[in-house]
Number of protein chains: 2
Amino acid sequence: MSTVDPRLSINQGTIKKADLAEALRATAANGVSSIGLWREPVQEVGLATAAKMLADSGLRFSTHCRSGFFTMPEGPARRASIDDNLVAIEEAATLAAAGAPGSFPVLVLVAGGLPEGSRDVVGARERVRDAIGELAPAAQAAGVQLAIEPLHPMYASDRCVVSTLGQALDIAADFAPEVVGVTVDTFHIWWDPEVLASIARAGREGRIATYQVCDWKTPLAADVLLSRHYPGDGVIDFASLTRAVEETGYDRDIEVEIFNADIWAKDPDTIVRETAAGFGAAVSPHLRATVAR
Amino acid sequence: MSTVDPRLSINQGTIKKADLAEALRATAANGVSSIGLWREPVQEVGLATAAKMLADSGLRFSTHCRSGFFTMPEGPARRASIDDNLVAIEEAATLAAAGAPGSFPVLVLVAGGLPEGSRDVVGARERVRDAIGELAPAAQAAGVQLAIEPLHPMYASDRCVVSTLGQALDIAADFAPEVVGVTVDTFHIWWDPEVLASIARAGREGRIATYQVCDWKTPLAADVLLSRHYPGDGVIDFASLTRAVEETGYDRDIEVEIFNADIWAKDPDTIVRETAAGFGAAVSPHLRATVAR
């Protein structure tokens with residue numbers, strides 16, 4: 001197990017079929033020391049139980065995935081979304097407190113797409129900013145950093161109207177960096193001609209809440225949500241992107257988050273081992289010498 | 001036929017199964033007065049014959065689609081691509097001269113994706129600039145405007161490393177605007193948070209060689225190349241984009257270019273009529289009062 005990078009974190013989405021107990025077991029058993037959790041499997045056992053299970057695992061907690069989905073206009077659906085985001089903030093705070101030292105209370109936010117029947121992407125983006133404004137005081141009180149995640153523009157209409165890192169930073173700019181940061185996910189932003197400049201800006205502004213890695217390969221899966229690959233299996237240049245993130249001083253864990261039906265079909269131990277191998281080959285060489293935690 | 005917008009141009013890709021003769025016939029017979037041609041059906045009959053057929057049709061010629069594909073490193077494949085692009089420049093000049101008054105010698109350029117096995121998107125983009133530098137003198141001599149087309153970022157790895165209108169303008173900036181312009185295609189750029197500013201910049205810099213419209217709708221087709229829809233059938237806000245283009249003073253024809261297996265399966269007359277109807281409903285209301293040509 002000595003070959004597993006100490007900064008690798010397995011995002012639970014990568015081993016989607018594992019419940020919380022199995023995800024914690026497979027991650028720790030294969031020498032990985034950090035995990036990013038998803039809300040549904042946490043809620044399945046209840047937050048207090050999940051926190052105890054996480055503490056017992058000895059793993060660090062790197063992010064809570066995911067909340068957001070607040071592009072709808074004012075009304076009951078929007079109120080329900082805000083309320084649910086407040087629950088997610090509490091979950092992130094509780095889980096980070098239960099994780100091993102080096103855990104961070106980061107809550108990943110996916111904005112949501114255009115409301116049904118709407119063509120007003122500009123308005124939807126304004127409502128993202130408004131929602132974060134509503135959530136920021138609760139996040140600050142809980143010590144949670146919200147991490148706005150720009151998603152690839154192919155998801156702009158149906159999943160996330162925040163499409164570039166620069167745009168995420170523009171939204172975050174209204175708030176304190178320890179309250180509102182950004183998610184830097186290679187899959188979503190590798191194509192952006194401004195990506196290196198935007199990563200540097202995110203660092204200068206203290207906004208990189210989490211760095212997530214997975215690869216891009218074509219042809220895309222028929223369901224484009226499931227087109228993510230192990231680092232090294234596609235065309236993303238992890239050297240330049242990882243170095244750009246490292247140069248900002250980012251020193252948190254680095255998650256691998258993959259949605260891929262072929263990978264999900266494998267058993268969790270295999271997935272964790274293959275993830276660690278891909279990470280070790282494609283990402284680790286571009287990290288600073290790791291400081292013992 | 002009086003209801004067909006006089007600025008509508010049918011891109012031949014929209015009626016892909018029609019050969020040149022059928023494309024010209026279906027376009028003219030259904031009251032459309034302009035057409036954008038594709039290289040393959042032109043070459044099928046030969047350039048001189050194609051030019052005569054176009055002249056006989058009485059249609060204007062709006063663009064020639066498409067050339068480019070020059071991201072590979074120096075070597076025989078790159079030389080072959082440059083040579084083929086020089087042929088395409090001559091084709092565009094000849095066809096525009098044969099079209100009715102109001103034709104423009106525009107050659108659309110799709111850059112190409114990453115070379116096989118490469119992860120160097122920055123280098124590929126530099127080679128796009130280099131290739132255009134090689135082609136510019138020939139284009140200028142022929143009176144042809146090259147139109148760099150940014151393609152949606154979901155095509156960045158396998159089809160076009162130029163992903164935003166701003167990036168296309170940055171490449172074009174090294175050249176005179178009458179020689180190197182850009183293609184403004186709603187499908188590819190609607191999601192861009194900078195799209196309205198980039199359209200305004202393109203206008204200020206005199207770079208809008210062609211404005212092309214089709215719609216975006218999810219779920220994307222399993223082959224994401226074929227996800228384009230009639231204007232009005234998806235989520236693109238043609239009002240804001242069309243007004244932004246019009247405000248630049250753009251007064252050329254506006255092409256509808258759709259790749260969609262369900263649409264291609266229809267007969268060309270039906271496609272042209274449905275295209276004209278969609279354009280009339282979704283785009284025409286946002287055009288300035290049309291000046292008679």
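Residues are numbered from 1 along each chain as its sequence is written, while chains are lettered from A and ligands numbered from 1 in the order in which they are written. In this predicted model, local features need pLDDT of at least 70, side-chain atom pairs count only at pLDDT 80 or more, and totals for chains, interfaces and linings use all residues; side-chain values use heavy atoms, with hydrogens and water left out.

Confidence was examined at two levels. The average pLDDT (the predictor's confidence in each residue, from 0 to 100) is 96 for chain A. In that chain, 98% of the residues score at least 70. For the complex, the predictor gives an ipTM of 0.95 and a pTM of 0.96.

In chain A, 8 strands close into a barrel, in the order S1-S2-S3-S4-S5-S6-S7-S10. Their pairing is parallel. On average, neighbouring strands of this sheet are turned by 30 degrees against each other, direction ignored. Strands (E, at least two residues) and helices (H or I, at least four) are DSSP runs, numbered from the N terminus. Two strands pair if DSSP finds at least two bridges between them. Angles run from 0 to 180 degrees between N-to-C directions, and axes are lines fitted to C-alpha atoms, for helices over the stretch in contact. Strands of a sheet pair through backbone hydrogen bonds, either parallel or antiparallel.

One strand pair of chain A illustrates the arrangement. Strand S5 (residues 145-148) of chain A is joined to strand S6 (residues 180-185) of chain A by 3 bridges, in the parallel sense. Ala147(A) has Gly181(A) as its bridge partner in S6(A). Helix H6 (residues 165-172) of chain A packs on the sheet and touches S5 and S6 of chain A. The direction of this helix makes about 170 degrees with that of S6(A). Ile148(A) stands opposite Val182(A) in S6(A). S6(A) is largely enclosed by the rest of the structure, because 6 of its 6 residues are buried. Buried means under 20% relative accessible area, exposed over 50%, and partly exposed in between (1.4 Å probe, protein chains only).

Helix H1 (residues 20-29) of chain A contains Thr27(A). Thr27(A) is buried, with a relative accessible area of 0%. Beyond its neighbours within four places in sequence, Thr27(A) is in contact (heavy atoms within 4.5 Å) with residues including Ile10(A), Leu59(A) and Val272(A). Glu22(A) also lies in helix H1 of chain A. Glu22(A) is partly exposed, at 25% relative accessibility. In sequence, Glu22(A) and Pro268(A) are 246 residues apart; in space, they are 7.9 Å apart, C-alpha to C-alpha.

Chain B was examined next. Here, 8 strands close into a barrel with parallel pairing, in the order S1-S2-S3-S4-S5-S6-S7-S10. Strand S1 (residues 8-11) of chain B runs parallel to strand S2 (residues 34-38) of chain B, and 3 bridges join them. Asn11(B) has Gly36(B) as its bridge partner in S2(B). Strand S5 (residues 145-148) of chain B pairs with S6(B) in the parallel sense over 3 bridges. Leu146(B) stands opposite Val180(B) in S6(B). Strand S6 (residues 180-185) of chain B has 6 of its 6 residues buried, so it is largely enclosed by the rest of the structure. Helix H6 (residues 165-172) of chain B lies across S5 and S6 of chain B, at about 170 degrees to S6(B).

Asn85(B) is found in helix H4 (residues 76-98) of chain B. Asn85(B) is buried, with a relative accessible area of 1%. Its contacts, leaving aside neighbours within four places in sequence, include Ser67(B), Phe70(B) and Leu135(B).

The largest nonpolar core holds 186 residues. Such a core is a set of buried Ala, Val, Leu, Ile, Met, Phe, Trp, Tyr and Cys residues joined through side-chain atoms within 4.5 Å. Ile132, Leu146 and Met154 of chain A and of chain B touch the most other members. Leaving aside neighbours within four places in sequence, Leu146(A) is in contact with Ile89(A), Ile132(A) and Val179(A), among others.

The structure holds 0 disulfides over all chains. A disulfide is a pair of cysteine sulfur atoms within 2.5 Å. The sulfur of Cys160(A) is 13 Å from the closest cysteine sulfur, in Cys65(A), too far for a bond. Cys160(A) is buried, at 0% relative accessibility.
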